[in-house]
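Subject: Structure handover

Hi there,

Here is the structure I promised to pass on to you. Please open it alongside this email, and I will go through what turned up.

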Amino acid sequence: MIEEAVAGGRHAALARKLCARNTGIGADGIEFLDRREDGSLFLRLFNADGSEAELSGNGTRCVAAWLAESEGRDTVALGTHGGVRTCRVVRQEGAEWWIESAMGVPRVMPRRIEIAGVEGVIDGAMVNVGNPHYVIFVETEDFGAHGMSWQELGAKIAVDKLFPHGTNVEFVRVLSEDEIAFRIFERGCGPTTSSGTGTCASSAAAMSLRDVERTLTAVAQGGAQTVVWADAQSEMMLTGPAEIICRGVAEVGD
């Protein structure tokens with residue numbers, strides 16, 4: 001997280017430099033926090049490749065944790081290009097903050113697609129949770145589908161011409177009536193271990209199309225989050241942790 005006031009218009013360049021895992025700090029993206037004259041807060045998210053996205057569920061929660069730790073804010077409304085997200089601190093355990101975020105009302109649209117270089121028709125769903133996702137249900141333990149690994153297939157779908165602005169891609173296994181596991185290919189980043197909006201999109205698709213419970217545990221490689229969605233017209237609530245692991249000064253040059 002970086003204050004907008006020090007970005008100097010270099011958002012994309014800073015994201016590429018600081019997010020580099022070998023020569024920078026290492027991250028999926030940067031949240032730029034803009035403190036506006038009317039007292040409101042607004043986030044701009046730039047991915048590791050320098051592209052700007054609508055929002056990040058996990059990134060928003062991370063900013064909320066930082067504001068809780070540094071300014072004592074138990075509840076905060078954060079504007080994003082995907083809409084306002086209100087975050088509330090549920091509990092604190094050392095440097096780890098558990099935060100409930102109101103994530104808007106998901107829209108789930110079943111969609112069969114054909115992708116160049118992929119065998120057969122892909123059954124899935126387009127899901128909008130303030131940013132775009134394509135969710136595929138799989139049965140395999142390695143999350144592969146159509147003769148490809150989830151990483152390979154995700155890379156093809158994410159940039160296909162069907163999605164002119166790109167899309168995030170999730171591969172979902174239903175484990176039980178109240179638990180799913182999933183993998184994430186993130187637009188502008190690639191394979192990643194966790195995603196708040198990916199959690200919401202995967203859960204919304206499972207609730208709408210696989211008749212799982214409306215309170216769901218969603219498990220990614222980076223850990224589990226809890227999703228509650230009372231019905232299709234209600235706002236989805238996402239609860240998960242954010243841990244403050246470092247703070248400091250980075251030399252970024254001109």
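A salt bridge here is a side-chain nitrogen of Lys or Arg within 4 Å of a carboxyl oxygen of Asp or Glu. Before the examples, please note that this is a predicted model, in which local features need pLDDT of at least 70, side-chain atom pairs count only at pLDDT 80 or more, and totals for chains, interfaces and linings use all residues. Residues are numbered from 1 along each chain as its sequence is written, and side-chain values use heavy atoms, with hydrogens and water left out.

Salt bridges

The structure holds 11 salt bridges. One of them pairs Glu 71 with Arg 35, with 2.8 Å between the closest N and O atoms. Glu 71 sits in helix α2 (residues 57–71) and Arg 35 in strand β2 (residues 29–35), so this contact ties together parts that are 36 residues apart in sequence. Helices (H or I, at least four residues) and strands (E, at least two) are DSSP runs, numbered from the N terminus.

For accessibility, buried means under 20% relative accessible area, exposed over 50%, and partly exposed in between (1.4 Å probe, protein chains only). Glu 71 is partly exposed at 36%, and Arg 35 is partly exposed at 37%.

Glu 69 forms a salt bridge with Arg 247, the closest N and O atoms being 3.7 Å apart. Glu 69 belongs to helix α2 and Arg 247 to the segment after β16, so the pair links parts that are 178 residues apart in sequence. Glu 69 is partly exposed at 34%, whereas Arg 247 counts as exposed at 57%. Salt bridges with shared partners also join Glu 3, Arg 35, Glu 71 and Arg 73 into one network.

Another salt bridge brings together the side chains of Glu 52 and Arg 44 (2.9 Å, N to O). Glu 52 is partly exposed at 35% relative accessibility, and Arg 44 is partly exposed at 25%.

Strand pairing

Two strands pair if DSSP finds at least two bridges between them. Strand β16 (residues 237–243) runs antiparallel to β7 (residues 96–102), and seven bridges join them; Ile 99 has Gly 240 in β16 as its bridge partner. Strand β15 (residues 223–228) also pairs with β16 in the antiparallel sense, over three bridges, and the partner of Val 228 in β16 is Met 237.

In the segment after β16 you will find Gly 248, which is exposed with a relative accessible area of 73%.

Backbone angles

Most residues other than glycine have a negative phi. Which values do Phe 143 and His 146 take? Phe 143 has a positive phi of about 70°, and the phi of His 146 is near 55°, also positive. Phe 143 is in the loop between β10 (132–137) and α3 (150–158), and His 146 lies in the loop between β10 and α3 too. Phe 143 counts as buried at 3% relative accessibility, while His 146 is partly exposed at 27%.

One more residue to look at

Asp 211 is in the loop between α4 (196–209) and β14 (215–220). Asp 211 counts as exposed, at 69% relative accessibility.

Best wishes
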